[in-house]
Amino acid sequence: MKKKFFNAKIYRNDTATEMIVEDGKITHIGTNLPKCEEEIDLEGKLVMPPYVDPHLHLDYVYTLSELGQEGAGSGTLFEAIELWPKFKETLTVESVKRLALKGIKDEVSQGVQHIRTHIDVTDPNFTALKAMLEMKEDLKHLVDIQIVAFPQEGMYMFKGGRDLVEEALKMGADAVGGIPHYEPAREFGEKSVHDIVELALKYDKLIDVHCDETDDPHSRFLELLNALVLMEGYGSRSTASHTCSFGSADDSYAFRMMDLFKKSKLNFISCPTENAYLQGRQDTYPKRRGLTRVKEFLESGINVAFAQDSINDPWYPMGNGNMMNILDNGIHLAQIMSPEEVKTNFDLITYNGARCLNIQDGYGLEVGKRANFIVLNESSVYEAIRKRVDVLASVRGGEYLFKRKETEYDISLEL
Ligand code: FE2
């Protein structure tokens, strides 16, 4: 059945106000489109492709509260990594599924339809990976999930870690992960970056590395990762997550590197709330806030997206899957609020994330693409961001995943 969604304000489209959907796909976008059997009035609200969360740890969500451990300690990154094995030994396939489902519901109910999740594979039983591979299939109707084989405890710091990553790729993980700054010496961090690229090429997988998640400006695994994917022509299929140390790099180095990032087409993911919380812990004042060079990446045409990273886990006690919250924090920390910047700020949680995930061919509001979109409770981009508005509806394949009423008052405020 043909359906027409009309009276819409379509993000990054100044003219169209209507979309026709048939068999789950967008068949027309424009104005004054032909009449359809079903017509849905979007009441002038802003419509955009679904939010993308390109970096989330679904095997960690809610472990902080629900597994009854002693808490996240003082809240530094390395301390949390040391704490994690105690949590990990309590996991079962069922517990991972139960908690991950809560996290997925948090995200999907707030407009996310694409999640890339890093799953810890430094576990010879692959408990979390098995759970997530099943969930990926079972939840296809709600959300597209990409799985990164992530060696949380290291490829070399954890004995046999590299081989576990390889096994996880054979089991069906979509991307190769890594954590070179956690390896016990620079040499092993570099070795792991070589391994990551070799494994990706061998198994035809994407790359997403936790890269230089430290304030140490001498942590430069990003340089090596970028060089390798540049030489292999693999940058657009590769992502460097976090890259906090690049926010501490001096300009002469940073601008040389940004030229090379442009050449390689490497993607970046910044996790603004998580890293604002975790980084700068050894600083007194001025205190760094953990952000990579988001503003300069945007100005240079280097693809960068924002992500949630954690929901209530040993790394970060907060988090609720609301990408609007991530965007709001991110544009403050990155200082990107000029009228020109605001026009495309939503790209940071939509189109740019889709590029990191390499799904841009099937993503977006264009004829021929799947009819996946969300409806925001505002008509202008600026007001939507300023008010941090809710997602009123999420549509997938032309069908509503959910629909939410605007806030109603029993007694409204009169001035
Ligand atoms: Fe992460």
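Modeller: Before we start: a cavity is a set of grid points where a 1.4 Å probe fits but cannot get out, and its volume is the space filled by probe spheres set on those points. Keep in mind that what we're reading is a predicted model.

Colleague: Which residues line the second largest cavity?

Modeller: Asp 212, Pro 217, Ser 219, Arg 220, Leu 222, Glu 223, Ser 245, Phe 246, Ala 249, Tyr 253 and Met 257. Helix 7 (221-232) and helix 8 (251-264) each supply at least two residues of that lining. By class, you get six nonpolar, two polar and three charged residues.

Colleague: And which residues lie nearest the centre of the largest cavity?

Modeller: His 57, Leu 77, His 210, Glu 213 and Trp 315, out of a lining of 16 residues. That lining divides into six nonpolar, six polar and four charged.

Colleague: On to the metal. Which residues are the protein donors of the iron ion?

Modeller: A donor is an N, O or S atom within 2.8 Å of a metal such as this one. Here they are His 55, His 57 and His 210, each through NE2, plus Asp 309 through OD, at 2.2 to 2.5 Å from the iron ion. Notice that His 57 and His 210 also turned up in the lining of the largest cavity.

Colleague: What do the angles say about the site of the iron ion?

Modeller: Among the four donor atoms they run from 85 to 175°, and the site is classed as irregular. Tetrahedral would need all angles to lie between 85 and 135 degrees. In sequence, the donor residues follow the spacing H-x1-H-x152-H-x98-D. His 55, in strand 7 (residues 51-56), and Asp 309, in the loop between strand 14 (304-306) and helix 11 (323-333), are 254 residues apart, and the pair links distant parts of the chain.

Colleague: Are His 55 and Asp 309 buried or exposed?

Modeller: Both are buried.

Colleague: Where is Tyr 62, the one with a positive phi?

Modeller: Tyr 62 is in the loop between strand 7 and helix 1 (63-66), and its phi is about 65° although it is not a glycine. Gln 335, likewise not a glycine, has a phi near 55° and belongs to the loop between helix 11 and helix 12 (339-343).

Colleague: Why does Tyr 62 count as buried?

Modeller: Because its relative accessibility is 16%, and buried means under 20%. Gln 335, at 59%, counts as exposed. Gly 362, in the loop between helix 13 (351-356) and strand 15, is partly exposed at 47%.

Key
Residues are numbered from 1 along each chain as its sequence is written. This is a predicted model: local features need pLDDT of at least 70, side-chain atom pairs count only at pLDDT 80 or more; totals for chains, interfaces and linings use all residues. Side-chain values use heavy atoms; hydrogens and water are left out. On a 1 Å grid over the protein atoms alone, a cavity is a set of points where a 1.4 Å probe fits but cannot get out, and a pocket is an open set with protein on both sides within 12 Å along at least five of seven lines; lining residues have an atom within 4 Å of a point. Ala, Val, Leu, Ile, Met, Phe, Trp, Tyr, Cys and Pro count as nonpolar, Asp, Glu, Lys and Arg as charged, and the others, Gly among them, as polar. Helices (H or I, at least four residues) and strands (E, at least two) are DSSP runs, numbered from the N terminus. Donors are N, O and S atoms within 2.8 Å of the metal (3.2 Å for Na, K and Ca); water is not among the atoms, so sites may look incomplete. Four donors count as tetrahedral if all angles lie between 85 and 135 degrees; four count as square planar and six as octahedral if opposite donors are over 155 degrees apart and all others between 65 and 115; anything else is irregular. Buried means under 20% relative accessible area, exposed over 50%, partly exposed in between (1.4 Å probe, protein chains only).
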